[in-house]
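Please look through the model shown here, and then follow the paragraphs below, which take its confidence, its chains and their contact in turn.

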Amino acid sequence: MILTSLTLKLFINLFVSNVWAFPEMVTHGYGNCISCHSSSTGGGLLTPYGRALSKELLSAKSTGPTEKGSEQFLRNWYTPPKNLNIGGDIRFMQMFLDNQFETSGRGLLMQADLEAQYTVTPKIRILATAGRQEISNAKKITDSFISRRHWINFLIGADDNLEKYQLRIGKFFPAYGLNIPEHTTVTRKGLGFDQNKESYNVEYSYLGEDWNLYLTLIEGRPDKKELDREEGGAIQASYIFKNNSKFGFNLYTGNGSNHPSTDRRAMGGAFAIFSLRPKLYTLVEIDRSSSPKKSYGIFEYAKIGYEYLQGLHFYVSAEYEKPSILKFNNSLDAINIGVQYFPATHWEINSYIRRENNNLITPTKNNILMFLLHYYL
Amino acid sequence: MNLIKKLVFVFCMMFWVQAFAKNNNILVKKNNGTVNFFAIGNPSSLRINGVGVSPEGSLDIIHDEKSSKVLGSFSFDLNSLNSGIEMRDSHMKEKYLETEKFPTSKLTIDPISFSENILKSKNKNQSEFKGSLNLHGEEKPIIGNSEFLIKDDQLKIIAKFKIKSSDFKIETPSFAGITLGDEIEIEVELNVLNPKV
């Protein structure tokens, strides 16, 4: 029973997603995330254009009469003041797990976050999220409160293209690899970009027509030194080609804030998003991580998706993780087969089966059925 | 006397050239290719690709053994443009191109000269071309690049040129904070049967 409970908690924590970005949109010509998202690296709060696109391109075509403004915040029941952009995410998950130790299932409200951006001046924006996190030992309601992301963003481009150069200071993930919503994949969780692992950073970004460049100074969590988060830096450069595909490179270095001399690592990797055919796309990422303790490790992710109808995607993804080549039996491989459906504006359903050979701790063969229901405000 | 001889010679040569030059007229229909356009919206360098049916019109290829000339005029159905998003297309046609008032665009190509017979050549023949484009009720000169390639029984033609929407008095397209750049790249690709030489 204890094992079941622990395993479920582990998986629930693994599958909670906080940043809902769709890098696949590159295949529709959206090479930079800022068309649709307030964040320069994508995910989270939608821009007005992103809302329109979620209705026109992402969601299934309505068979009934189209409700004007249905893509807006709260379906246009409330219109925020001009300088205020509000959004948020509510996410429910149901999962079933089967392995040699147990068969179990559980449903959970994973996320209920509000997110707002205030435009102070045309060149300065402030954004913050506020929501709840799953804490097992919460004593007061405030213990569950979390602001996953908050930042101040300075747009420092020329007057006719302010967003081209940006400076962002605050709490968010540094730009590294594919910013996919499935944060449990080995290239997110395995590399330390799991839920609630956002750090305080200073980010300079260049978002050009063909090239994107992010330089991030990572300051860890100076507000919570006990978390021993990494401090360091990251570089990401990516190139958009053929108008619907993108590839990029990453470099990352980090030192544990409490033991910087011994607890350190360096990472490098490459990623790509290819439009193979008008409705067929693939996402690929490969990374190498090295540290004095583990020598080096390999992390790989590949996904191929097909948009059968607008809003209805079928996909297969594969993952491989070997955190340290020094350990013989120390790897994780998984294959996921899933369907992602956006039945109407604001709604998303994602369901997949996962076959996983996990030898990272105890050798386990997991069969997982996952069902996610997501509503964005 | 000498001058008369020369004039007679030149006249004969001209007649000879005219007698041996051939003119192939190719009718281009809606299923003979595509018109593609590419534009960038900012902020975010949003890439917009659109596609429409082939322009309709006629192409004259005047050629002899060692040279050829190409000229033609085409009409393009602007309502056939599709950029992949319904709302964007309706805005593009109704608000900016005003296709109810200006349903077609007309392209006239001035004679393009080649130093070989493009209908016999196995090479890709490329040349700059000049012409005029009538769009949104405005006519402006254009300059572009053209390619002609014979492959099996097909003649493939690609013409690329750039226009500025402001030149044609088209209001700058803008939606939900994204504004389209002034410059638009246009590529016309045609595949027609190689006329008998």
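Among the elements of chain B, strand E7 (residues 125-135) of chain B has the highest mean pLDDT, 95, while helix H1 (residues 2-20) of chain B has the lowest, 59; pLDDT is the predictor's confidence in each residue, on a scale from 0 to 100, and helices (H or I, at least four residues) and strands (E, at least two) are DSSP runs numbered from the N terminus. Over the whole of chain B the average pLDDT is 88, and 90% of the residues score at least 70. The model as a whole has an ipTM of 0.71 and a pTM of 0.83.

This is a predicted model, in which local features need a pLDDT of at least 70 and side-chain atom pairs count only at pLDDT 80 or more, whereas totals for chains, interfaces and linings use all residues. Residues are numbered from 1 along each chain as its sequence is written, and chains are lettered from A and ligands numbered from 1 in the order in which they are written.

Turning to chain A, one finds two helices and 17 strands. Its radius of gyration, taken over C-alpha atoms, is 20 Å, close to the 21 Å that the globule rule (2.2 Å times the number of residues to the power 0.38) gives for 377 residues, so chain A is as compact as a globular protein of that length. Along the principal axes, the C-alpha atoms of chain A fill a box of roughly 55 × 50 × 50 Å.

Strand E9 (residues 230-241) of chain A runs antiparallel to strand E10 (residues 245-256) of chain A, and twelve bridges join them; one of the residues involved is Gly233(A), whose bridge partner in E10(A) is Thr253(A). E9(A) and E10(A) form a hairpin with three residues between them, and in the turn Lys242(A) has a positive phi of about 50°. E10(A) also pairs in the antiparallel sense with strand E11 (residues 264-277) of chain A, over ten bridges, and here Gly254(A) has Arg265(A) as its bridge partner in E11(A).

Finally, the two chains meet in a contact that takes 21 residues from chain A and 18 residues from chain B, residues being in contact if their C-beta atoms, placed from the backbone, lie within 7 Å. On the side of chain A that touches chain B, the largest share, five residues, comes from helix H2 (residues 48-58) of chain A.

Notes. Pairing = 2+ DSSP bridges.
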